[in-house]
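Here is a short briefing to read alongside your structure. Keep the 3D view open and follow the topics one by one.

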Amino acid sequence: AAYLINYEQPDNYALKMQRAGRIRRINSAYKVVFVYDMITDNENVVSKDIQQLDKIERDKDTSESLMN
C-alpha cells in the first residue's frame, strides 16, 4: 500500500514508525509511502488526538537527539 491512514494515534513515536515500516518493505512496489493522521476537529476542546500527536513529536525529538 502506498498510503497509511492513522485513525487513532499510537502511544509513541516508535510505534508510529513501525506502522509505516510494515507497508514500506524491501522490494516494495512503492518508493514513497504517504502517512495521514486523522484527528478530531473541535473548536472548544483540545482533542486527545492533538495531545497525542504533540507527545509523539516530543518522542521523535528525543529519539533524534539521542542518536546524534
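In α2, the buried residues (under 20% relative accessible area, with a 1.4 Å probe and protein chains only) are Asp49, Gln52 and Ile56. Seen down the axis of α2, these buried residues fall within an arc of 60°, so they line one face of the helix; the arc is taken from the directions from the helix axis to the C-beta atoms. This is a predicted model, in which local features need pLDDT of at least 70, side-chain atom pairs count only at pLDDT 80 or more, and totals for chains, interfaces and linings use all residues. Residues are numbered from 1 along each chain as its sequence is written, and side-chain values use heavy atoms, leaving out hydrogens and water.

**Helix α2 and its partner**
- Helix α2 covers residues 48-67, 20 residues in total, where helices are DSSP runs of H or I with at least four residues.
- From first C-alpha to last, α2 reaches 29 Å, close to the 28 Å expected at 1.5 Å a residue (1.5 Å times one less than the number of residues).
- The buried residues of α2 pack against α1 (13-23), with contact meaning heavy atoms within 4.5 Å.

**Ala14 in α1**
- Ala14 sits in helix α1 and is exposed, at 52% relative accessible area (exposed means over 50%).
- Between Ala14 and Ser63 lie 49 residues of sequence separation, yet their C-alpha atoms are 8.9 Å apart in space.

**Phe34 in β2**
- Phe34 belongs to strand β2 (strands are DSSP runs of E, at least two residues).
- With 40% relative accessibility, Phe34 counts as partly exposed, the class between buried and exposed.
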